[in-house]
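Please take a first look at the chain shown here. The paragraphs after it lead from one part to the next.

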Amino acid sequence: MYIHLGNEISISDKRIIGIFDIENTSLGNDTREYLKKATARKQVVNVSMEMPKSFIVCSDNKSGDTVFISPISVNTLQKRAGTSI
């Protein structure tokens, strides 16, 4: 199944490692450091210029993990995924 993350970006639910609320998780030093390093490695894809509400970490066998920054809430993404993740 594919999950729509915003704009024209959809990903396979099989690639999803985790879906995180950006407001709550970015308060922690570990998460901020992880996102900073992923940005430096050019592994972050900003799905929209709207206010971000979540980030989705996906496995990518080619270049490590990819982090998608999405304007869609965690609850909505989980509903879209159903019970598949």
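Across which strands does helix 3 lie? Helix 3 lies across strand 3 and strand 5, and the direction of helix 3 makes an angle of about 145° with that of strand 3. The model is a predicted one, and every value below is computed from it.

The sheet comes next. Strands of a sheet pair through backbone hydrogen bonds, in either a parallel or an antiparallel way. Here, 4 strands form an open sheet with mixed pairing, and their order is 3-5-6-4. From one strand to the next, the twist averages 20°.

Strand 5 (residues 54-58) can be followed through its pairings. Strand 3 and strand 5 run antiparallel and are joined by 5 bridges. Strand 5 also pairs with strand 6 (residues 66-70), again in the antiparallel sense and over 5 bridges. Cys58 shows both pairings: Ile16 stands opposite Cys58, and in strand 6 the bridge partner of Cys58 is Thr66. For Val57, the bridge partner in strand 6 is Val67.

How many of the residues of strand 5 are buried? The count is 5 of 5, and strand 5 is mostly covered. In a regular strand the side chains alternate between the two faces of the sheet. In strand 5, Ser54, Ile56 and Cys58 are on one side, Phe55 and Val57 are on the other, and all of them are buried, so both faces are covered.

Phe55 also takes part in a ring pair. The structure holds 1 aromatic pair. A pair of aromatic rings is described by how far apart the centres are and by the angle of the planes. For Phe20 and Phe55, the ring centres are 5.0 Å apart and the planes are at 25°; the pair is therefore stacked, because planes under 30 degrees apart count as stacked. Phe20 belongs to strand 3 (residues 16-21) and Phe55 to strand 5, so the pair ties together parts that are 35 residues apart in sequence. Are the two residues buried or exposed? Phe55 is buried at a relative accessible area of 2%, whereas Phe20 is partly exposed at 32% relative accessibility.

Now return to helix 3. Its residues are 74-81, and the buried ones are Val74, Leu77 and Ala81. They are on the same side of helix 3, because they cover an arc of only 65° around the axis. An α-helix has 3.6 residues a turn, so residues three or four places apart point the same way. On the other side of helix 3, Asn75 and Lys79 are exposed. The buried residues of helix 3 are covered by parts that include strand 1 (2-6), strand 3 and strand 5. Just after helix 3 comes Gly82, with a positive phi of about 65°.

Which residues have a positive phi although they are not glycine? Most residues other than glycine have a negative phi. Asn7, which is not a glycine, has a positive phi of about 50°. Asn7 is in the loop between strand 1 and strand 2 (9-12), and its relative accessibility of 53% makes Asn7 exposed. Lys42 is not a glycine either, and its phi is positive at about 60°. The loop that holds Lys42 runs between helix 2 (29-40) and strand 4 (44-46). Lys42 is exposed, at a relative accessible area of 75%.

The last stop is the loop between strand 5 and strand 6, where Ser59 lies. Ser59 has a relative accessible area of 28% and is partly exposed. What is Ser59 in contact with, leaving aside its neighbours within four places in sequence? The contacts of Ser59 are Arg15, Ile17, Gly64 and Asp65. Arg32 is 27 residues away from Ser59 along the chain, and their C-alpha atoms are separated by 19 Å.

Conventions: Residues numbered from 1 in each chain as written. Predicted model: local features only at pLDDT ≥ 70, side-chain atom pairs only at ≥ 80, totals over all residues. Heavy atoms only, no water. Phe/Tyr/Trp six-rings, centres within 6.5 Å; stacked < 30°, edge-to-face > 60°. Helix = DSSP H or I, 4+ residues; strand = E, 2+ residues; numbered from the N terminus. Buried < 20%, exposed > 50% of the residue type's maximum accessible area, 1.4 Å probe, protein only. Arc of directions from axis to C-beta. Contact = heavy atoms within 4.5 Å. Pairing = 2+ DSSP bridges. Axes fitted to C-alpha atoms, helices over the stretch in contact; angles between N-to-C directions.
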